[in-house]
Amino acid sequence: MDRRPETQPPPKSARKPKRRWVPLAAGVTVVALLGGGMAAAVAMNGSGEVIDAVTYEPVVRMDLDITVRKDGELQSVNSTEVVSRLEGNNTIVELVEEGTFVRAGDLLVRLDSSGIEREFQETELELQGAENDLINATEQLEIEKEKVEADIEAATVALTLAEMDLRQYEQGVYPQLESNARTAVEMAKIDLRNAEEELLQTQQLFSKNFATGSDVKRRELTLIRARNALEKAQTDYDVLTEYTHPKDLTSKRNVLAQRKQQLARVQRQGKANISRNQANVKSRELRLLNRQERMDWCEQQLAASEIRAPIAGLVVYGAAGNQREQDQITEGASVRERQTIIRLPDTQSMKAVVKISESRVGMIELDQSATLMLNSGGDPIDATVSSISVVADSNQRWFNPDVREYPVELLMADTPEGLKPGMKVNAEIFIDRREDVIAVPLGAVYTVGSQRFVFKRGDDGRPVPVEVEVAASSTTHAEIVSGVDVGDEVVLLQVGQGRDLLEAAGIDPVREQQQNARDAADKPADDAGV
């Protein structure tokens, strides 16, 4: 229900002189005009000067259609949003004109890509360098693997030879040397025994004069030689078994141990070298991958600098007309990533969006019927409430922070041809229908705070203020549940007339409003509905 705005009273010096309602008496002429169920009364004094004039309207019973009227604009039900996918803030260098019908693939927007192009060129050079570094690192790894393989093979061969040399000495050379030395000792012993027997025989023959003294001397010399040979053979055997053999065996075992250590060292060193080269290859691969990803990103960003139409449609700029200048879509403007630049609406299915004030949005419910009238003319269009926003629209907060309006969407039953998004429309939403109720024109109701008054024709013909209770209102009439009845006549108020009539009746509207405010403040929370 509409309420008249409550304003502070003007200063007394600025008020017009108070009208006085005087009883009709001698020298006063009353002219009454009747017709069409409405009466106008003019009170004049004897000189013909008009004291005041009022227009009466009868209180009637009628059917009231409770509706909410609001203007809005058309939008498409389905709309494809074209957003900027270029990172950061970028400048529009080319832009299709709004209202143009485009086909899929047509160029819509070109964003400044000079910075991306420079980065693309730099990344391309870095990518080539990373590819060369990876090739070199890979080749170095293969070379190192071959070198390690050769070193390990050489160390393995050396170990094998050392093992064979040790086995050859232990199983062949030394046993043969020891056997030869032992044989030499045995042979020297035999030679010594033979020399002793020959000397003894020669001495016996010498005693019988069958041998000469020189023969005896020769046999004695042979015996001395045999004894020396035995001593030498025994010494050689002892040196071999006690000194030469342990020394050679220790030396060959030491060589074998060194060859084993050398093989292990070559294997560890080779593994470390290969791991180092593998890490170098991995590092080069990651660097190449990073440059490749950066290159792909640059290509994507360059592609994103040209925005083409994903579908055919009518071009509508993303920024609404009531947004700030810096948010407007135009060539030279800056847009941020993910910002909607253009919408391509489907004009085959349209809806109206109206913004309902906070005081009236509670009356709106889903599926309520509505009627739309285009400002450009045409037949009424049937619609239905399809959506009620739970959040107040924030676009107007820059201009009037105290205004809170909630967007309400009205879906058209059928969309006529030729409609475009943004076209202005007047919407009337049907809330309720009150049948056979007592009603007065909205212009007859005067509001002071939480009180509502009408001015009923009194018995003396003068307007009398009567407090009434209003249940609901249409765009023209208010339903009255108490205070007046059918057949009464009430004043159809002119601007400022309600205040004057209250003051003429001895009621101060300002004091009355202040008292109502104090009563509301003093009212307990439970009574106030808190």
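Mentor: Of the 29 residues in that largest core, the ones touching the most other members are Leu74, Ile364, Leu372, Val408, Leu410, Met412 and Ile429. By nonpolar core I mean a set of buried Ala, Val, Leu, Ile, Met, Phe, Trp, Tyr and Cys residues joined through side-chain atoms within 4.5 Å; buried is under 20% relative accessible area, exposed is over 50%, and partly exposed is in between, with a 1.4 Å probe and protein chains only. Keep in mind that this is a predicted model, where local features need pLDDT of at least 70 and side-chain atom pairs count only at pLDDT 80 or more, while totals for chains, interfaces and linings use all residues. Residues are numbered from 1 along each chain as its sequence is written, and side-chain values use heavy atoms, with hydrogens and water left out.

So where do the core residues come from? At least two each are supplied by strands E4 (60-76), E14 (350-357), E15 (369-374), E16 (381-388), E17 (405-412) and E18 (424-441). Strands (E, at least two residues) and helices (H or I, at least four) are DSSP runs numbered from the N terminus. E18 gives the most, with 6 residues.

Now zoom in on Ile364. Setting aside neighbours within four places in sequence, Ile364 is in contact (heavy atoms within 4.5 Å) with Val68, Val385, Ile388, Val408, Ile429 and Ile431. There's also a second, separate core of 19 residues, and Leu86, Leu95, Ile329 and Ile342 are among them.
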